[in-house]
Amino acid sequence: MTDPYTMPYLNYINAGTPNKHRSMEYINSKTPVVSELVKDSMRQLRNKDEIHATQYMEPLNSSDSPPQNRSQALFPKIDKHNNIHLLRQINLIKQKKAEAISPSMKKSNQLHKKHQLNKFAQVFPSPAQDSFSTLNITSKPIHVLTKLELKMRPRNNDSFNQSPEKQDRNNERKATVFDLQVTRRQQKPPKKIEPLQQLKVPTKKRKQQIKKFDGIYFTDPKFPQDLVFQEKYASMRHYYNIMNLSNGLFVNPTQNSYKAYVSKGNNGMLVRMIIKNRWWWSIVDEQDQSNFVWTQLKVNTIHESMKQLKTRQHNESFSSQSAQSTVGSVSLGLITRQDEQSDNETQSQRKQSTTLWSRFISSDQSRKYRQILDGKGKEGKLLTQEQAQSIRQLNIYNEPVKVHNHLENNFHLGNKKALFYNMRSYYESQNQDVFQFLPLTFHIKSTDGAEYNKFVDSFQKRQQLMQKLDQEADEDKNKKIKKIKNIWIIKPGEITNRGNGIRISEDLNEILGWLNTKEQHKNGSYKTFIVQLYIDRPLLYNKRKFDIRCYSLLTSINGYQKGYWYTEGYVRTSSKEFSMKNNLANKMVHLTNDAVQKKGDDYGRFEKGNKVSYDEFSSYIEGLGGDFQKIYQKMKAMATAQFRAVYGKIDPNKRENTFEIFGLDFMIDDSFDVWMIEANTNPSIEICCPLLSKLIPQMLDNAFKIALDPIFPPPQFYNPKKIICDYQDNKFELVFDEETDGPQFSNENPQYDIGQIEEESEEEEPE
């Protein structure tokens with residue numbers, strides 16, 4: 001059975017939101033208990049007399065529509081008093097429900113209830129005693145009446161409950177206090193204003209806040225703001241600018257691409273591959289259009305087309321005073337931070353920075369560039385032309401230039417007789433005997449020359465010494481006597497490669513017969529010979545002869561010469577066991593050139609490609625009681641002496657930009673003494689074994705990082721993948737610098753009559 005009673009239209013004010021009124025249907029949907037309570041009240045009203053019920057009824061007009069049900073007809077509207085009665089009943093139900101709550105919660109609810117009752121009393125004030133029977137059904141809505149009453153009745157005002165007499169006394173007291181305050185302000189004399197010059201404004205000393213470097217070198221939005229990219233990109237540009245600064249120039253990266261020409265032969269494909277790894281380079285087939293020309297042999301026409309720079313005075317090439325002062329002004333913030341650091345930390349940083357850059361620039365330049373090399377943040381990177389020009393006078397490259405991989409007059413090291421004369425001149429200037437570094441050598445031009453007679457005399461004296469030692473050994477067999485041999489090696493003085501023309505003999509008549517041959521060059525001049533004492537007691541590697549191949553790099557950039565030593569190399573071995581008995585003509589025993597050894601049947605039998613690494617050879621030397629580091633340092637010192645010996649002779653016209661890679665050969669005797677054999681201007685870069693497959697490409701790439709990349713830097717780019725390598729990881733070490741070493745040797749080397757020098761016509765045999 002359905003309930004005949006429905007919810008009437010009742011309005012009440014929500015205490016939380018005074019401006020929002022809701023119907024009882026909303027109460028019915030949320031609280032069913034309240035709905036039942038309202039229905040019970042309606043039943044009670046219905047059972048009352050009709051007289052009392054009509055007090056709550058509003059007369060209907062004839063125009064109004066009939067009510068839909070009986071409840072609506074009996075209870076059309078109920079005023080706020082019935083709402084109060086209803087909500088009070090709701091509160092009683094809530095009180096009964098809250099009896100089971102804990103004391104702490106009960107106390108909290110009481111406080112909340114007290115607050116709600118205050119709100120409730122303000123919204124629904126208690127009616128007067130005589131107002132219950134005079135309800136005005138057509139009055140204004142409850143929320144309007146409440147709003148008007150709230151305006152008329154102020155809250156929390158103490159004066160509202162005060163008597164009129166007390167309020168008058170309070171008003172008189174406030175007026176008296178106000179009059180006293182005004183009187184005091186009028187009687188107080190005005191402050192005397194002092195002149196502006198005499199005012200001392202106290203200021204707080206603030207510590208100078210230095211903005212910390214956030215790792216961003218390039219703020220242009222085109223550059224990625226990634227810190228890893230920023231550091232690598234800035235380090236790359238810093239490396240280019242430091243290398244160019246040491247050569248007295250600055251290059252603006254305005255060119256988008258460069259062209260290279262690479263000739264065929266001697267593994268030109270490897271050179272092409274290394275250049276193509278630089279994405280801003282392309283390979284062309286014509287020399288005239290190229291920026292870089294790589295050829296097997298020197299091309300004189302390229303040198304003639306290059307700009308010739310004037311010879312610099314060393315005391316004018318660098319101004320140290322201006323450099324120190326200008327660097328200090330550029331890096332003022334850096335100096336302040338360094339002063340705040342401890343001395344030990346600063347010294348360790350300087351030592352680390354000096355060690356890092358000592359491979360590329362001299363110690364003198366490291367000291368002069370110290371403000372930048374030891375700096376932090378932007379002050380520690382040379383990135384702008386203004387910074388570079390503040391350090392020294394520079395030659396600015398705004399347009400691309402041309403570079404050749406051969407130096408003018410490179411024969412002073414590549415030619416055997418020129419190497420002998422230059423090294424003898426250098427060691428004599430140092431009061432040293434050249435034959436402590438080179439085997440006993442004679443340059444024979446003719447059979448009636450002084451060198452010819454010296455050779456014959458030396459041969460005879462050594463023959464007598466050899467016979468004497470043999471006789472002493474026969475007389476006293478218990479006595480340990482180190483026997484010697486009188487064996488000589490004869491090499492052509494010009495155009496010698498791949499072991500061609502080399503002969504070995506211990507017979508004086510046979511040697512003189514070779515020297516008396518009247519062979520001529522194409523220009524009609526007679527060929528000369530280099531006669532050297534053969535190292536008859538060489539150190540052997542597993543009973544076989546060997547030599548050591550090393551590399552050096554000589555650059556002439558912007559007219560400044562620098563020499564570099566490569567820290568890696570390899571050992572070349574022969575395929576046959578070494579013996580001096582009746583086999584001097586067997587080149588497989590006495591020559592280690594790959595051009596000779598690869599023709600033998602045992603080539604690669606003992607080592608792949610007859611090559612041994614430095615690590616393997618060092619372990620072998622230690623097993624024999626030797627020290628490879630001492631041998632290594634002797635070879636490095638001889639390579640440095642070569643650069644000093646030819647300074648002022650190679651590249652005498654100061655061509656704009658050239659460089660040369662030399663292949664140096666050394667031998668070791670059984671006493672671990674090191675001997676310089678020769679230097680090759682066109683060393684083989686062929687790859688014949690796994691050892692060379694890593695060593696030679698890395699050597700060429702490192703050489704290009706020094707001689708090519710700083711002059712031809714990549715353009716501005718914004719892709720992190722285009723940073724192809726770390727330029728600090730380079731195995732070339734600086735051993736000669738024109739600015740520091742040149743003045744000591746430029747005028748001390750006497751000139752010798754070397755004779756006819758013909759350019760090499762054949763490259764060294766590929767290995």
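The protein folds into 27 helices and 19 strands, where helices (H or I, at least four residues) and strands (E, at least two) are DSSP runs numbered from the N terminus. This is a predicted model, in which local features need pLDDT of at least 70, side-chain atom pairs count only at pLDDT 80 or more, and totals for chains, interfaces and linings use all residues. Residues are numbered from 1 along each chain as its sequence is written, and side-chain values use heavy atoms, with hydrogens and water left out. Of the 767 residues, 45% count as buried; buried means under 20% relative accessible area, exposed over 50%, and partly exposed in between (1.4 Å probe, protein chains only).

**The protein as a whole**

- The accessible surface is about 43,500 Å², and carbon and sulfur atoms hold 49% of that area; accessible areas come from the Shrake-Rupley method with a 1.4 Å probe, and for residues only the protein chains shown count as cover.
- Among contacts (heavy atoms within 4.5 Å) with a separation of 6 or more, 75% are between residues 24 or more positions apart.

**Strands S17 and S18**

- Strand S17 (residues 657-668) and S18 run antiparallel and are joined by six bridges; two strands pair if DSSP finds at least two bridges between them.
- Ile 668 has Val 674 of S18 as its bridge partner.
- The hairpin of S17 and S18 has five residues between the strands, and there Phe 672 takes a positive phi near 65 degrees.
- Strand S18 (residues 674-680) is mostly covered, with seven of its seven residues buried.

- In helix H24 (residues 614-623), the buried residues are Tyr 614, Phe 617, Ser 618 and Ile 621.
- These residues sit on the same side of H24 because they cover an arc of only 105 degrees around the axis, the arc being that of the directions from the helix axis to the C-beta atoms.
- As background, an α-helix has 3.6 residues a turn, so residues three or four places apart point the same way.
- The other side of H24 carries the exposed residues Asp 615, Ser 619 and Gly 623.
- The buried residues of H24 pack against several elements, including strand S13 (544-557), strand S15 (570-577) and helix H25 (628-645).
- Gly 625 follows H24 and has a positive phi, near 90 degrees.

**Salt bridges**

- A salt bridge is a side-chain nitrogen of Lys or Arg within 4 Å of a carboxyl oxygen of Asp or Glu, and by this rule the count is 22.
- Asp 547 bridges to Arg 572, with the closest N and O atoms 2.7 Å apart. This pair links distant parts of the chain, since Asp 547 is in strand S13 and Arg 572 is in strand S15, 25 residues apart.
- Asp 547 counts as buried because its relative accessibility is 6%, and Arg 572 is buried too, with a relative accessible area of 2%.
- Arg 549 forms a salt bridge with Asp 665, and the closest N and O atoms are 2.7 Å apart. Here Arg 549 in strand S13 is linked with Asp 665 in strand S17, 116 residues apart.
- Arg 549 counts as buried at 0% relative accessibility, and Asp 665 counts as buried at 2%.
- Glu 733 and Lys 636 meet through their side chains in a salt bridge (2.8 Å, N to O). Glu 733 lies in strand S19 (residues 732-737) and Lys 636 in helix H25, 97 residues apart.
- Glu 733 is partly exposed, with a relative accessible area of 23%.
- A network of salt bridges links Arg 278, Asp 701, Lys 705 and Asp 709.

**Arg 462, a buried charge**

- Arg 462 belongs to helix H20 (residues 450-475).
- Arg 462 is buried yet has no salt bridge, and the nearest side chain of opposite charge, Asp 536, is 4.2 Å away; for charge, Lys and Arg count as positive and Asp and Glu as negative, while His and the chain ends are not counted.
- Leaving aside residues up to four places away in sequence, Arg 462 touches Ile 484, Lys 485, Asn 486, Leu 533 and Asp 536.

**Phe 223, a loop residue**

- Phe 223 is placed in the loop between helix H8 (164-187) and helix H9 (227-246).
- Phe 223 counts as buried because its relative accessibility is 7%.
- Phe 223 and Gln 716 are 493 residues apart in sequence, with 9.2 Å between them in space, C-alpha to C-alpha.
- Not counting residues up to four places away in sequence, the contacts of Phe 223 include Phe 218, Tyr 233, Gln 716, Phe 717 and Tyr 718.
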